Amino acid sequence: MDNISQTAKYRTLGKSGIEVSSLAWGMWRFAGDAGPAATLVRTVLECGINFFDTADIYGFKGPDGFGDAESLLGRIFASEPGLRQKMILASKGGIMPPLPYDSSAAYLTAAIDASLVRLGTDYLDLWYIHRPDILTHPQEIARTLDDAVQAGKIRAIGVSNHTTAQINALQSFLNVPIAATQPELSPFRLGPIENGELDQAMQMDMAVLAWSPLGGGRISDPQSARDKATTAALDQAAQAHNVSRAAAAYSWIMAHPSRPIPIIGSQNAARIKEAADAYKVQWTRDSWYDIFVASRGEPLP
Ligand code: NAP
C-alpha cells in the first residue's frame with residue numbers, strides 16, 4: 001500500500017536548530033485558576049508535547065484585559081520555575097485592540113518586552129508577527145525583529161496570517177531565515193494547500209503551524225453540507241485506524257509534505273492525550289484525497 005504519512009514525533013523548526021514536537025499546544029482558550037491551568041500544562045508536557053503557542057492578545061476579553069493568557073502562564077512559571085525550560089515557547093504580537101494591527105518598530109519592541117515581563121521569562125523561543133500590518137514597511141519590521149534576535153529576546157522569528165508575497169518581502173530584509181509560518185489550516189480550511197503558502201514553506205524551509213486544526217471545534221458539530229461530507233470522510237479513516245475523528249484530522253494535516261504541526265486547541269486533558277493517536281494513522285493517496293475532495297466540495301479536475 002502507498003503509505004504517504006511518516007511523521008516523526010520531534011523535528012527541527014525551520015532552519016533555527018530548535019527541536020520541537022510535531023504536535024503543538026495552543027493557549028488561545030487558556031484561562032481560569034492557576035492550579036488547574038498548571039495541571040493542564042504538565043499534562044501537555046507529559047504527552048511529549050513541548051511546543052507551546054500563546055499570544056499577547058489571548059485572553060484580552062478576560063478580567064485583566066490584554067495579556068491574560070500570558071500572565072496566567074507567567075504565574076505558573078513563577079510557582080514552578082522548572083517548567084519554562086521544559087518547553088519551546090512561542091508568542092505573538094502586533095494586534096492591539098481597538099487598533100487592528102501595528103508592526104511599527106516602537107510598537108513591536110514594546111510588545112516583545114511586555115510579553116517577556118508578563119511571562120516572567122528572559123526570552124521567547126519563537127516570536128511571530130500575529131497579523132500583517134499594511135502600514136509598516138517590511139524593512140522596518142525586519143530591523144525590529146533582527147534587533148530582538150540580536151538582543152537575545154527571541155531565538156527565532158515567525159509570521160502568522162501572512163501572504164506569500166508578504167513573507168517574501170519580509171524575508172528579503174531580514175538577516176536570519178523566518179523559522180515558522182502559522183496559517184489557518186485544517187480539513188475545513190484548505191487555502192494554504194492551494195494558494196502556495198505550503199509550497200513556499202517547503203521552498204524556504206519554514207515550519208508550518210496549523211491554527212484551528214479542527215476548524216475551531218466545527219469538527220464536532222458540522223453544519224454545512226461540505227463540513228458534513230468532510231467529517232464523514234474523516235470518520236472512515238478514523239474507523240479504519242481505530243482513532244478519533246480529531247486524531248484523524250491532525251494526522252491528515254501532518255501528512256502534507258510540508259509536515260505542518262497542528263496546534264491543539266483543546267483545553268480538555270483527555271482530548272489532548274488522545275491527539276497522539278494521530279501517529280497511528282497511515283494515509284494512502286486515495287484516503288488522503290478523499291478528505292481533500294470532500295472538503296473542496298467538487299471533484300478534482
Ligand atoms: P481547534 O483544535 O480547531 O479547536 C479547539 C476547540 O474545539 C476547543 O474549544 C475544543 O473544546 C473544541 N472541540 C470540539 N470537539 C473537539 C474534539 N473532538 N477534540 C478536540 N477539541 C474539540 O483549535 P483552536 O483552539 O481554534 O486553535 C488552536 C490554536 O491555534 C490556538 O490555541 C492558538 O494557539 C492558535 N490560533 C492562532 C491564530 C492566529 O491567528 N495565529 C488564530 C486562532 C488560533 P475543548 O477545549 O472543550 O476540548
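Which residue's side chain does a polar contact of 2.5 Å join to that of Thr136? The tour reaches that residue below.

The model is predicted, with local features needing pLDDT of at least 70 and side-chain atom pairs pLDDT 80 or more, while totals for chains, interfaces and linings use all residues. Residues are numbered from 1 along each chain as its sequence is written, and side-chain values use heavy atoms, without hydrogens and water.

**Thr136**

Select Thr136, in the loop between strand S8 (124-129) and helix H5 (138-150). Helices (H or I, at least four residues) and strands (E, at least two) are DSSP runs, numbered from the N terminus. Thr136 counts as buried because its relative accessibility is 9% (buried: under 20% relative accessible area, 1.4 Å probe, protein chains only). Next, display Asp133: its side chain makes the 2.5 Å polar contact with the side chain of Thr136 (N or O atoms within 3.5 Å, one able to donate a hydrogen and the other to accept it; residues adjacent in sequence count only if both atoms are side-chain atoms).

**The largest pocket**

Now select Trp28, Arg29, Ser212, Gly216 and Gly265, which lie nearest the centre of the largest pocket, among 37 lining residues. Helix H10 (245-254), strand S12 (261-264) and helix H11 (269-274) each supply at least two lining residues; H10 gives the most, with three.

A pocket is an open set of points on a 1 Å grid over the protein atoms alone where a 1.4 Å probe fits, with protein on both sides within 12 Å along at least five of seven lines; lining residues have an atom within 4 Å of a point.

**The second largest pocket**

Finally, select Ile4, Ala255, His256, Pro257, Arg285, Trp288, Tyr289 and Phe292, which line the second largest pocket.

Definitions and conventions: Buried means under 20% relative accessible area, exposed over 50%, partly exposed in between (1.4 Å probe, protein chains only).
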